[in-house]
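Let's take a walk through a protein together.

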Amino acid sequence: MLDGRRVLLVVSGGIAAYKSVILVRLLRQSGARVDVVMTASAEKMVGKVTFEALSGRPVLTQIWTDPLAHVELGGEADLAIVAPATANILARMAHGLADDMATSTLLAAGCPVLACPAMNQRMWSHPATRANVEALAARGVHILGPEVGQLAEGEEGPGRMSEPETIFLTAARMMRSGSPIAGLKVVVTAGPTLAPVDPVRFVGNRSSGRMGLALASSAWLRGADVVLISGPTSVPPPYGPRVVRVETSAEMGEALERELEDASVLVMAAAVSDFVVASPSEEKIKRAGRKALEVQLEAGPDLLVATRDLRTARGVLTLGFALETDAPLENARKKLDEKGMDLVAVNEAGKPDRGVGAETNQVTLLDSNGVVEEMPLMTKSEVAERLIDRLEDRLR
Ligand SMILES: Cc1cc2nc3c(=O)[nH]c(=O)nc-3n(C[C@H](O)[C@H](O)[C@H](O)COP(=O)(O)O)c2cc1C
């Protein structure tokens, strides 16, 4: 994801410095080069050697050891991350101090800066810290966190550094902005919808939501403003997108109408129930005295048809999915035309390694311009990346 990107990680003297060790790992695993600079206080928290071993690069702590390092490192980086950012380093940054290797490098850095504050809640709420954070934010520094929770000294409140995974994803998004989808509102539907039989029972389907969640995450990581409208899933939603939880196809339809008003892209990856229970019981249907229970199903709303006029009027670029068992390409092409989609990803039904419920997927992508692209079997995250690539091609 971050091949060829260069990250400057400034570690200051907060107790959360140990979490930044994991951040280095995540950045390295995704292909980024990481140069670590530590303050003198940070060195008291975590050994320099730990960061050196994980980054595979020398860790800089002293301004006097290399006369040009502070200017070069900042100049070469695509992103500077300050994690943890102590009250002290935030104050020094806000006032433009350059009194050690960390602040000199930050002052010489021309790249975007992501600061992840971590401190005692009283230090965080002190007017001096508030003013420093405001000044930095006004200057374009992206402030992530702190999160509310138990602090190292046992108190509760705002002050915990964001988790390494959250910092990593935010950093990745900052480094990947500039894509055609960045800044656009993208609505993604995911998961199954349930058709209630009575207050406790429902008719559902095996959708895990994984494909939709991966698509939402991929679009968010490229800088899109993503709304994920999700049916009930056991897979947790990814960090980033705003999540709207729904249960029934009618609720999903209402959420879609609302969210599409100002959207540019729609990805319909949810397995919306084709059939809903004609007259669900308001009370739990009792078993006693029954040998059988007949439940009448009727066609539910087709959300692509229901939103077609709105999408056409607003020029919403639409990617849908079609799960087919026979003549998949012909049927999908028909759906693409009838339902006003720009792209449709065709899945085959009934194979354990693809489609609904699986961890991997194989899709063939049909385009309204007539292009057909058969993609290989991949993880759903990889499929999502390829599909968002194609949406970006259309946006270009
Ligand atoms: C054990 C310990 C933990 C500390 N944790 C934090 C912290 O989480 N956040 C913070 O702002 N300061 C914390 N401090 C205080 C800073 O280390 C101190 O303000 C120092 O001057 C920060 O320097 P630096 O910003 O150059 O790293 C801690 C101090 C100690 C001794």
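Find Leu-9 first. Leaving aside residues up to four places away in sequence, Leu-9 touches Ser-20, Leu-23, Val-24, Val-34, Val-36, Ile-81 and Ala-83. Keep in mind as you click around that this is a predicted model.

Now zoom out a bit. Leu-9 belongs to the largest nonpolar core, a set of 107 residues, and together with Val-188 and Leu-215 it is among those with the most contacts inside that core. Which helix gives the largest share of this core? That's helix 10, residues 210–221, with eight residues. And where does the core sit relative to the domains? Domain 1 (6–176) and domain 2 (185–395) both supply residues to it, so the core lies between them.

Next, hop over to the ligand. It has 15 residues around it, and the closest are Ser-12, Gly-13, Gly-14, Thr-39 and Thr-86. Two elements give two or more residues each to this shell: helix 2 (40–45) and helix 5 (87–94). Helix 5 gives the most, with three residues.

Finally, step back to see the whole chain. You can count 15 helices and 21 strands in it, and the C-alpha trace spans about 80 × 55 × 40 Å along its principal axes. The protein chain has 396 residues, and 42% of them count as buried. Among contacts between residues at least 6 apart in sequence, 69% join residues at least 24 apart.

How values were computed:
Residues numbered from 1 in each chain as written. Predicted model: local features only at pLDDT ≥ 70, side-chain atom pairs only at ≥ 80, totals over all residues. Core = buried A, V, L, I, M, F, W, Y, C linked by C-beta atoms within 7 Å. Buried ≥ 20, exposed ≤ 12 C-beta atoms within 10 Å, placed from the backbone. Helix = DSSP H or I, 4+ residues; strand = E, 2+ residues; numbered from the N terminus. Domains from an automatic or database assignment. Contact = placed C-beta atoms within 7 Å. Near = placed C-beta within 6 Å.
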